[in-house]
Amino acid sequence: VGRGGSGVWVIIDMKMCTRKATMFYAVWYGVGVIGFLVSKHGMVGTVIGICMSGWGLGGIGNLQPSMLAQTFGRYDYASASRVVNTIVAFVRVMAFAVVGIAINVTGSIDGADGFLIGSCVVAFVLAFILDDRLIGKKG
């Protein structure tokens, strides 16, 4: 599912600007998590959640470097990538702990899903306020 999503997100990124594609991604992933929330009432929500999350996971690997290239340009890309990839790796590792804590605090997976939906809202807002003009060295 992720491989197909990767190709689709490349097309979405090229048709929209990366900033708008990132905002669309946040909404897409949030709807996928909502699919998991409603899955208690049938398999349809689970299938929708799996497909949307799988396609989303295939796309995020394309949107991050695209945003870095658009913002920092080819000369400053490597420097920015080192910092951003370190932050992304930390967040990715902490995601399991955060979901575990959310389940422990709320007593169910619904609390973790709610936290993930909140994260999607935060990502949408951050992408919305992002100034994606080139700030790197022009050449």
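## Helices H2 and H3

In this predicted model, the axes of helices H2 and H3 approach within 8 Å and cross at roughly 160°. An angle over 145 degrees counts as roughly antiparallel, and H2 and H3 are therefore roughly antiparallel to each other. The crossing in which H2 passes H3 is left-handed.

## Overall architecture

The protein chain contains four helices and zero strands. Read from the N terminus on, its elements follow the order α-α-α-α. The C-alpha trace of the protein chain spans about 55 × 30 × 25 Å along its principal axes.

## Helices H1 and H3

Two packed helices are described by the angle between their axes and by the distance between those axes. Helix H1 covers residues 2–15 and helix H3 covers residues 43–106; the two pack at an angle of about 45°, and their axes lie 6 Å apart. This angle makes H1 oblique to H3. The crossing of H1 and H3 is right-handed.

Which residues make the contact between H1 and H3? On the side of H1, the contact is made by Gly 2, Gly 4, Gly 5, Ser 6, Val 8, Trp 9, Val 10 and Asp 13. On the side of H3, Gly 54, Trp 55, Gly 56, Gly 58, Gly 59, Asn 62, Leu 63 and Ser 66 take part.

## Helices H3 and H4

The axes of H3 and H4 come within 7 Å and cross at roughly 130°. That makes H3 oblique to H4. H3 passes H4 in a right-handed crossing.

The residues of H3 in this contact are Val 98, Val 99, Ala 102, Ile 103 and Thr 106. Their partners in H4 are Ile 109, Gly 111, Ala 112, Phe 115 and Leu 116.

## A nonpolar surface patch

The surface carries a nonpolar patch of about 800 Å². It is made by Val 27, Val 31, Val 121, Val 122, Phe 124, Val 125, Leu 126, Phe 128 and Ile 129.

Which helix supplies the largest share of the nonpolar patch? That share, seven residues, comes from H4. Phe 128, one of the residues of the patch, has its place in helix H4. Helix H2 (18–37) and helix H4 (109–129) each supply at least two residues of the nonpolar patch.

## Summary

Helix H3 is roughly antiparallel to H2 and crosses H2 in a left-handed manner. H1 crosses H3 with right-handed geometry, and the crossing of H3 and H4 is likewise right-handed. H4 also contributes seven residues to the nonpolar patch.

Notes. Residues numbered from 1 in each chain as written. Predicted model: local features only at pLDDT ≥ 70, side-chain atom pairs only at ≥ 80, totals over all residues. Heavy atoms only, no water. Patch = residues over 30% accessible without salt bridge, like charges linked within 9 Å, V, L, I, M, F, W, Y side chains within 5 Å. Areas by Shrake-Rupley, 256 points an atom, 1.4 Å probe, with all protein chains shown as cover. Salt bridge = Lys/Arg side-chain N within 4 Å of Asp/Glu carboxyl O. Axes fitted to C-alpha atoms, helices over the stretch in contact; angles between N-to-C directions. Parallel < 35°, antiparallel > 145°, perpendicular 65-115°, else oblique. Left-handed = near helix turned anticlockwise from the far one by under 90°. Contact = heavy atoms within 4.5 Å.
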